[in-house]
Amino acid sequence: MNTRLQVEHPVTEMVTGLDLVEWQLRVAAGEALPLRQNEIALSGHAIEARLCAEDATAGFAPQTGRVVYWRPDVAGIDGARVDHGLVEGAEISPFYDPMVAKLIVHGATRADAIARLERLLLRTPLLGVVTNREFLLQLLRSETFRSGAMTTSHVDALTVDATTAQPRDFASAAALLALADGQDWFSTTGVARCPVVLESGGVTQNCVVLFERSCLVRVDVGEQRFAADALDIERPVFARDGRVSWLERDGCVFRFEEPDPLAAKQGVAGDGVLRAPVSGLLRSLSTQVGAKVTRGDTLAIIEAMKMETALVAPCDGVVASVRGRLGEQVRAGDIVFELNPDVDP
């Protein structure tokens with residue numbers, strides 16, 4: 001018997017109409033349970049989704065960052081609630097579980113509950129940190145889930161797109177960024193062609209926004225061209241954090257980092273550079289300067305949000321430098337090792 005409430009207790013509360021937290025407090029105060037088991041009636045269907053700070057496209061690796069936009073909206077969705085402790089400006093740290101919010105819905109039927117959860121997910125974007133929201137939407141829309149055939153093994157077998165955004169969506173997002181309030185860097189460049197590199201769900205697209213007489217004319221995404229009147233540039237969710245802008249449309253989150261003209265030019269890291277994929281504690285180091293390593297060797301372990309991430313050698317070579325220190329925190333993107341790759345004669 002588990003005497004504590006589970007993460008999923010709101011599902012029970014939804015289908016019974018009872019407040020289990022209140023019950024727990026009353027029992028702790030010495031009161032008797034308000035109802036017997038045979039007096040409890042179940043009604044309808046309830047579903048809970050865990051919104052987690054993790055990247056579904058990278059093996060669900062935990063993510064950290066600052067919350068720049070979070071305004072959950074349950075208005076107009078009957079039987080919906082969002083349990084969370086987030087505020088804009090809060091930091092998602094590597095010290096706790098990656099779950100940051102719970103989205104719960106109740107409906108008369110399972111189909112009703114699924115439809116309401118999809119609506120709720122679309123209305124609760126979290127910007128500033130990568131989350132599993134798009135994965136949850138794709139899971140809800142899969143036939144396996146809708147037919148009731150879902151098992152835990154299907155999560156591993158499910159083919160999840162990195163993003164559902166299409167080239168036209170990237171074009172619309174690039175146009176919206178160019179027209180968004182506060183994005184005056186486009187107008188100050190003094191050119192009609194504005195390059196915009198957008199990222200969504202691990203997919204990067206090179207876009208070019210074109211203006212004539214300060215009017216948006218066209219957006220190019222790779223080799224595809226989209227006229228301004230063919231783009232959807234209404235009702236975006238937009239937030240900015242320093243030089244990074246976030247934009248959400250229809251469940252897809254787009255990230256853009258404004259180029260810094262004053263930043264020192266940095267060389268492109270070669271295969272010998274090994275960066276931390278997540279922020280966390282450097283739990284173990286298994287190599288040192290001068291050691292010969294083989295591609296695939298585990299060189300270190302980073303612990304974040306109850307998960308361990310292995311840093312493996314990207315190539316054969318010799319360890320040239322070790323920048324990380326055992327027991328210290330590293331940030332995602334920090335260089336931990338530098339290798340001198342073996343070069344074939």
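**Pockets and a helix pair**

At least two residues each are supplied to the lining of the second largest pocket by β1 (45–52), α3, α4 and α6 (152–157); helices here are DSSP runs of H or I with at least four residues, strands are E runs with at least two, and both are numbered from the N terminus. This is a predicted model, in which local features need pLDDT of at least 70 and side-chain atom pairs count only at pLDDT 80 or more, while totals for chains, interfaces and linings use all residues. Residues are numbered from 1 along each chain as its sequence is written, and side-chain values use heavy atoms, with hydrogens and water left out.

Strand β1 gives the most to this lining, with five residues. A pocket is an open set of points on a 1 Å grid over the protein atoms alone, where a 1.4 Å probe fits, with protein on both sides within 12 Å along at least five of seven lines; lining residues have an atom within 4 Å of a point. The second largest pocket holds about 600 Å³ of space, a volume being the space filled by probe spheres set on the points. Of its 20 lining residues, R50, F135, L136, L139 and V155 are the closest to the centre.

Let me turn to the helix pair. How do the axes of α3 and α4 cross? The axes of α3 (residues 110–122) and α4 (residues 133–141) come within 10 Å and cross at roughly 160°, so α3 is roughly antiparallel to α4 (an angle over 145 degrees). Axes are lines fitted to C-alpha atoms over the stretch in contact, with angles from 0 to 180 degrees between N-to-C directions. In contact (heavy atoms within 4.5 Å), I114, L117, E118, L121 and L122 of α3 meet R133, L136, L137, L140 and R141 of α4.

Finally, the largest pocket has a volume of about 870 Å³. Its lining comprises 40 residues, with Q63, V129, V130, E199 and W246 nearest the centre.

Key. Angles under 35 degrees count as roughly parallel, over 145 as roughly antiparallel, 65 to 115 as roughly perpendicular and the rest as oblique.
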